[in-house]
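Please inspect the sequence and the model before reading each solution.

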Amino acid sequence: MGSTVRHITIDCAAPHEPYDLALFWSRVLELPLGPDDFPGDPEAAVIAGDGRPMLLFVRVPDAKAGKNRVHLDLEPDTTREEELERVLALGATVVADMRKPNGRGWVVCADPAGNEFCVEASASDRAAVELREREAAESD
């Protein structure tokens with residue numbers, strides 16, 4: 001039997017605190033923090049439950065250097081635009097806008113510590129694009 005992913009670990013270097021970054025992601029994902037996590041702790045977790053991996057934020061001495069090699073892609077329950085507005089209000093910033101005129105694409109964002117993540121089109125966004133493309137093909 002193979003291994004199971006237990007955590008997806010994200011490094012936190014000063015001035016960013018593991019608890020603060022976990023709190024940001026807890027709000028983004030609407031999932032609870034670990035019950036034993038408090039401000040000032042060297043690590044803090046977002047608990048996913050249901051056998052899914054959780055995010056673990058760990059204090060490290062070295063600062064982030066360059067682009068993340070691994071990042072999270074978020075698929076919102078609402079529209080991509082509504083989710084983008086929500087994560088920006090929580091403290092994210094836009095790094096790159098990869099949206100296409102036809103409605104496909106994504107937006108690259110960064111959390112308060114600069115870790116990149118993407119806000120993708122939702123299932124309803126993708127269904128609307130596919131419907132428009134199908135209708136356009138039928139009218140040709």
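**Exercise 1.** Which residue in β3 does Ala45 stand opposite?

*Solution.* The model is predicted, with local features needing pLDDT of at least 70, side-chain atom pairs counting only at pLDDT 80 or more, and totals for chains, interfaces and linings using all residues. Residues are numbered from 1 along each chain as its sequence is written, and side-chain values use heavy atoms, with hydrogens and water left out. Strands are DSSP runs of E with at least two residues, numbered from the N terminus, and helices are runs of H or I with at least four. Two strands pair if DSSP finds at least two bridges between them. Ala45 stands opposite Leu56 in β3. Strand β3 covers residues 54–59 and pairs with β2 in the antiparallel sense over four bridges.

**Exercise 2.** Determine the strand order of the three-stranded sheet and explain its edges.

*Solution.* The order is β1-β3-β2, in an open sheet with mixed pairing. Because β1 (7–12) and β2 (43–46) each have a single partner strand, one side of each is left without a neighbour in the sheet.

**Exercise 3.** Describe the four-stranded sheet and the helices lying across its strands.

*Solution.* This open sheet has the order β4-β7-β6-β5, again with mixed pairing. Its edge strands are β4 (72–74) and β5 (93–97). Strand β6 (residues 106–110) runs antiparallel to β5, joined by four bridges; Thr93 has Ala110 in β6 as its bridge partner. Helix α1 (residues 18–29) lies across β4 and β7 (116–120), at about 30° to β4. Helix α2 (residues 80–90) lies across β5, β6 and β7, at about 150° to β7. Contact means heavy atoms within 4.5 Å; angles run from 0 to 180 degrees between N-to-C directions, with axes fitted to C-alpha atoms, for helices over the stretch in contact.
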